[in-house]
Amino acid sequence: MTRHIKLHEIAHARAGDKGNTSNVSVWVYDPGDYPLLKEQLTADRIKAAYPDLIQGPIKRYALDHLHGLNFVMHDALEGGVNTSLGLDSHGKSWSFLILDLDVEVPDNRPG
Amino acid sequence: MLRLGCGAGFSSDRLEPAIDLAEKGALDYLVFETIGERTLAFGHRDRQLDPKRGYNPQLAARMRGTLAACKRHGTRIVTNMGVANVVAAAEVVVDVARSQGLSGVTVAAIEGDDVSDLIGPDTILFDNHDKTVAEIGRPVVGANVYLGIDAIIPGLETGADVVITGRVADPSMFLSPLVHHYGWKRDDWQKLGQGTLVGHLMECGMQITGGYFADPGRKDVPRLAECGYPIAEVDERGNCVITKLADAGGMVTPRTVKEQLLYEVHDPAAYLTPDVTADFSGVTVQETSRDRVSVANGNGHKRPDKLKVTVGFDGGFFGEAGVSYAGPNATARAALARDILRERLGGRPGFEALRIDLIGINALHATAHAPRAESDDVRVHAAMRSANRDDVATMLWEVESLLCCGPAGGGGYRGQITPSVITHSTLIDRDAVRPSVRIFRA
C-alpha cells in the first residue's frame with residue numbers, strides 16, 4: 001500500500017534564473033529516497049502541473065552521486081527579471097512550487 | 001594555500017559581515033560580487049540619469065568599511081562594483097582611500113565590457129527566440145560582454161590593491177587570483193574548471209553559508225541574523241574547503257553546498273564562462289569537520305569561442321501600486337477592487353498588459369495555479385510597464401482612488417514609478433573584445 005506526501009517532506013530545493021529560464025535543483029534529505037524522487041519527479045510531471053507558468057520545454061539533469069535533480073525550465077519566468085510584471089520576477093519561489101507536488105511513498109515509510 | 005573571501009553576493013548584500021571578514025578572515029583576496037541582469041540594468045538607468053553614476057550604490061560604504069582593514073592585512077580586493085561606470089567607481093575608491101588617509105592605494109579599473117558599438121539592428125538575441133534587436137523595437141541603452149580572467153588578471157599583475165570591473169563572469173573574479181597566484185596555464189581546463197567551481201560556489205556570498213536556505217523545522221540555520229560570508233581555502237591543485245569565520249552565524253554543510261552547486265546552472269556538465277566550459281557533473285562534496293566542506297573533482301573543457309553579451313533596452317516606465325483589505329470578507333472586497341480596476345482601466349489602449357495580483361491569496365504563484373485559500377489580510381497589487389509615463393501615473397491614480405470609491409475598508413495605498421530597462425542576450429566573437437586596464441592612485 002502507498003500514500004501521498006508533499007515532496008517538501010523528503011526534499012529541499014533552490015531556484016535560480018537566467019533570462020526567461022528558471023532552474024530548480026531538488027535534493028533528497030535521505031539518499032534512500034533518491035530512487036523514488038528520480039522515478040516520480042520527471043520533467044513531464046512538472047510541465048503537466050504548471051502548464052500556464054512553464055510555457056517552454058523542461059530538461060532534467062541528474063547528479064546521482066549527490067542525490068539531486070536539476071530542472072531547467074524554459075519560458076518559465078513570465079519574461080524574466082526585467083520584463084515580468086509579477087512580484088517574484090526572479091522566480092525565487094519556484095522551488096516551492098516543485099516542493100508542493102505530491103510523491104507516492106510506501107505506507108510503512110517512517111516519518 | 002590561498003584564502004579567498006566573498007564580501008557581497010549581490011548588489012544589496014549586507015555590509016557588516018564583510019567588515020568582519022576583512023578584519024578577521026586572514027584573507028589573501030576579498031571579492032565583492034554585485035551585478036545581476038537586474039542590477040546591470042539599474043546601472044545603465046542610473047548612468048543615463050547622471051553620467052557620474054551607474055556604479056554600485058553601496059560602493060563607497062563597502063570601501064569605507066573594508067579598505068583600511070584590507071590594506072592593513074595585505075588583502076587585495078576584486079569587485080565588479082563598477083557596474084555600468086567603472087571609471088567613476090575607481091574614482092570613488094580613490095576618494096574613500098584619501099578620506100581615510102590611506103596613502104599609496106592603487107586601483108586598477110578594467111574597461112572593455114561595454115560593447116554597445118558592436119550591437120546593431122540585425123544582432124540576434126538568442127534568449128528571445130532569435131529575434132533581432134530591431135524587432136524588439138526599443139532603443140538600446142547599453143550592451144555589456146561578460147569578460148573573464150584574460151581581462152581581470154592584467155589588473156592583478158599591476159599589483160593594484162583594488163581591481164574594479166564592470167560586467168565580468170562572476171566566477172572569474174575568484175578564478176583570476178587562483179590563476180595569477182598559482183600560475184595555472186590558460187589551457188589547463190581541468191584546473192580552470194575546478195577554480196570556476198570554487199568561484200561559482202562563492203559568488204553568491206551567504207547563499208552557501210545558510211542564506212537562501214532556511215526552512216524552519218526542515219532546514220534550520222543557527223543564528224541566521226548574524227550569518228557570515230564564506231571563505232574558500234584553495235590549494236595549488238584547486239581543491240578547496242568552503243568555510244566561514246568560527247564566530248559568525250550560519251553554517252556550511254553538504255546541503256548548503258549542494259544547493260549552491262547548481263544555482264543558476266543548466267547542464268551541470270557544461271557550465272559556460274569566458275574562461276572554460278566547466279564540468280560540475282562529477283563534483284564531490286565532503287564534510288570534514290563542523291562548518292568545513294571539502295569540494296573537489298570539478299573538471300573542464302575548452303572555453304567557448306563566443307562570449308555572452310547582455311543587451312539593455314529602454315523599457316519605459318514601471319509602475320506598481322497597492323491597497324489592502326483586512327478582516328471579515330477581505331478576500332471578496334479585494335477581488336471586487338481588482339475587478340473595478342480592470343473595468344476602469346482595462347478597456348483603454350495602453351493598459352492591455354496591466355497585471356493585478358491579490359497578495360495573501362495567490363500572488364507569486366498566480367500564473368502557476370488557481371487560488372486555493374481565503375485570507376483575512378489581502379493586498380491588491382497592480383503593475384504595468386509603459387513607454388508613456390502618464391499612463392503609468394493614471395494607473396497609480398486609479399489605485400489610490402479606491403480609498404474613496406472602491407470597496408469598504410481599503411487602506412495602505414502606496415505607489416511608485418521607476419524608469420525601466422529590459423535585457424536580452426546575444427553572443428559575439430571573443431576576438432572583437434579588447435579589455436584594458438587603467439590605474440588610479442590615491
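Helix 1 of chain B and helix 3 of chain B run roughly parallel to each other, because the angle between them falls under 35 degrees. This is a predicted model, and here is how that pair looks in it. Helix 1 (residues 16–24) and helix 3 (residues 59–73) of chain B pack at about 10 degrees, and their axes are 8 Å apart. On the helix 1 side of chain B, the contact uses B:A18, B:I19, B:A22 and B:E23, while helix 3 of chain B brings in B:R62, B:G65, B:T66, B:A69 and B:C70. Sorted by type, the residues of this contact come out as 5 nonpolar, 2 polar and 2 charged.

Now over to chain A. Its open sheet has 4 strands in the order 2-3-5-4, with antiparallel pairing. Strands 2 and 4 of chain A sit at the edges with a single partner strand each, so one side of each has no neighbour in the sheet. From one strand to the next, the twist averages 15 degrees.

Here are the residue ranges of the strands in that sheet:

| Strand of chain A | Residues |
|---|---|
| Strand 2 | 11–18 |
| Strand 3 | 21–28 |
| Strand 4 | 58–63 |
| Strand 5 | 68–73 |

Strands 2 and 3 of chain A run antiparallel and are joined by 8 bridges. As for A:R14, its bridge partner in strand 3 of chain A is A:S25.

Key
Residues numbered from 1 in each chain as written. Chains lettered and ligands numbered in written order. Predicted model: local features only at pLDDT ≥ 70, side-chain atom pairs only at ≥ 80, totals over all residues. Pairing = 2+ DSSP bridges. Helix = DSSP H or I, 4+ residues; strand = E, 2+ residues; numbered from the N terminus. Axes fitted to C-alpha atoms, helices over the stretch in contact; angles between N-to-C directions. Contact = placed C-beta atoms within 7 Å. Parallel < 35°, antiparallel > 145°, perpendicular 65-115°, else oblique. Nonpolar A, V, L, I, M, F, W, Y, C, P; charged D, E, K, R; others polar.
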